[in-house]
Amino acid sequence: MFKQRHRPESPGYIPGTPKPPKLSLPPVETRDVPSRPTTRAGTRSTPARPSNNPRANPTSGQPVQPLRPILKKPGISVPAHTSYDSEGEILTSKKVVRSHDVHSRLLPPGVRKVHIQTEVFNLHWQLLPFDRSISKHLLRFDVAFPIDSIGFQERDRRSKLADSDLDKPAANMSLTKMSINFNSGPFEWEVNVKNSRGITCRDVFEAIYETFNEQLTPYEKRLIPPHLRQECEEAFKLRCKVVPGLEQVEFRQGLKRVDVLRHGTIFLGLTQPKSDGDWILNLGKWPF
């Protein structure tokens, strides 16, 4: 397998080089060694790196017998390794299971794939945008005022929303948690609704009102665009005059989130752009 320099066909052949005699190795003394449990790591061996020196490799020039595996189970024949890399280590080929192999496997008889469908919640019509084919009445809810001011608008007449209407379930199935997002310019607020007994329309309306009744933080005040600050101040002063309670008390509390909306404080329903996604709160001016 490996060529020697004293052969004429060797690239490093030097004429007149005497062929060195083969040297026999001295006998190895054997002694009793206490036995220990055999492990896989202890029985693994790596073929020695071949040398071109004929003195260090007395068997050079002789055919190399393929190595047999050291560990094998009884009754299972393992083919001998016949190829080596440049470092003298055994090259083995392992079958790697790819992801497509797993998916391409045939299912056992009687087993079929089932696509799991998530539950779809249909909100009560009071929480949805007004639609003449669905909505029974035209609901008017100004988020600048408490929920006891919510009512049904019928032409020139307005009737107050009854408790039985407020206590209607928010969805056709039991809903205990609800996340509602609102985006307007640089402002992004989230309305979280929770009720372990089941969310009602009242819970949703109250959570919306409480979210926008919070005072603006110093950071949120800096987010107000300069060209809109005057409008926000005017909306703030108007709200202090018309909301229930003392005007001076409201004025001392300062700007609130609802003041950033200016005159777009009317509830226009909840929408869900993506299935199983968060709900979007729509606010604006009275469209009718």
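In the predicted model, asparagine 181 has isoleucine 280 of S7 as its bridge partner. Strands S4 (residues 177–184) and S7 (residues 279–284) pair in the parallel sense, over 2 bridges. Both belong to an open sheet of 4 strands, ordered S5-S4-S7-S6. The pairing in this sheet is mixed. Strands S5 (187–194) and S6 (266–271) stand at the edges. Each has a single partner strand, so one side of each is left without a neighbour in the sheet. From one strand to the next, the twist averages 30°.

Helix H4 (residues 201–212) lies across S4, S5, S6 and S7. The helix runs at about 145° to S5.

The whole structure holds 9 aromatic pairs. One of them joins phenylalanine 141 and phenylalanine 205 edge-to-face, at 5.2 Å centre to centre and with 65° between the planes. Phenylalanine 141 lies in the loop between strand S1 (138–140) and strand S2 (151–154), and phenylalanine 205 in helix H4, so the pair ties together parts 64 residues apart in sequence.

Tryptophan 189 and phenylalanine 212 form an edge-to-face pair, with centres 5.8 Å apart and planes at 85°. This pair links strand S5, which holds tryptophan 189, to helix H4, which holds phenylalanine 212; the two residues are 23 residues apart. Tryptophan 189 and phenylalanine 212 are both buried.

Arginine 140 lies over the face of tryptophan 286, at 4.5 Å from the ring centre.

How values were computed
Residues are numbered from 1 along each chain as its sequence is written. This is a predicted model: local features need pLDDT of at least 70, side-chain atom pairs count only at pLDDT 80 or more; totals for chains, interfaces and linings use all residues. Side-chain values use heavy atoms; hydrogens and water are left out. Two strands pair if DSSP finds at least two bridges between them. Axes are lines fitted to C-alpha atoms, for helices over the stretch in contact, and angles run from 0 to 180 degrees between N-to-C directions. Contact means heavy atoms within 4.5 Å. Rings of Phe, Tyr and Trp (its six-membered ring) pair if their centres lie within 6.5 Å; planes under 30 degrees apart count as stacked, over 60 as edge-to-face and the rest as tilted. Buried means under 20% relative accessible area, exposed over 50%, partly exposed in between (1.4 Å probe, protein chains only). A charge sits over a ring if NZ of Lys or CZ of Arg is within 6 Å of the ring centre and within 35 degrees of the ring normal.
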